[in-house]
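Please keep the sequence and the structure in view while reading.

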Amino acid sequence: MENLYKGPDIKPGYLGNGTIVYEPISPLSLTQRLGRLRYACYQFCSSLIGMLLIALSWVVSALPSVPDVVWIVATGLVGLVLTLYLFGLMVRRLHDIDRSGWWVLVALIPFLNVPFQLYLYLTDGSSMMNRYGTPNPPPSVLVKVFGGLFWLWNVLTLLAVTTLVILQWLRPEWIAQGLSLLPPGAVPPLPFGKEYL
């Protein structure tokens, strides 16, 4: 399939004869689509920037002339902006799967949010145009490397969390036995008490 980027007088879309014109990617758009690798890469980059900003605000708040409230306010603002941006990425990923962005509300429901994230990572997007526009242009090498590694890390982490939740539900004694093998102090106090240990 021939790939063309949008020019000044070419409208994005499928032109026929195996030719598709991609629309330019906007990192802040809520109407475009976002493929799996770009989704993972954008999550990685935004999370890294968020952590660096929080660390910077912590360093600045450690100065004697700066009140402690600066760190609290800066952390809250960075967390809010990062959360909104990550939800925007989920909306765009849903668009790539040809689903409404309103499905992002599932991410707020406990116990459904982990399978929902797995769905976003594992489901193929539409290879051609859908009601939300053209697919993304082919990813660059950096997107393939960082997006691929972060995608793999997140999928394995989500599968591990899902497995642990299911085991805790079906076989809590196995989890308690595994926790008892850890050295003292390696596990923070459990909210459900010591009846499982």
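With which residue does D96 form a salt bridge? The partner of D96 is R33, and their closest N and O atoms are 2.9 Å apart. The term salt bridge here means that a side-chain nitrogen of Lys or Arg lies within 4 Å of a carboxyl oxygen of Asp or Glu. Because D96 lies in helix 2 (residues 69-96) and R33 in the loop between strand 3 (19-22) and helix 1 (36-61), the pair ties together parts that are 63 residues apart in sequence. Helices (H or I, at least four residues) and strands (E, at least two) are DSSP runs, numbered from the N terminus.

This is a predicted model, in which local features need pLDDT of at least 70 and side-chain atom pairs count only at pLDDT 80 or more, whereas totals for chains, interfaces and linings use all residues. Residues are numbered from 1 along each chain as its sequence is written, and side-chain values use heavy atoms, with hydrogens and water left out.

D96 also meets R93 in a salt bridge, with 2.8 Å from N to O. These two residues are three apart in helix 2, and therefore about one helical turn separates them. R93 is buried at 0% relative accessible area, D96 is buried at 5%, and R33 is buried at 1%. Buried means under 20% relative accessible area, exposed over 50%, and partly exposed in between (1.4 Å probe, protein chains only).

A further salt bridge joins R131 and D98 at 3.1 Å, N to O. R131 is exposed, at 61%, while D98 is partly exposed, at 26%. Through shared partners, salt bridges join R33, R93 and D96 into one network.
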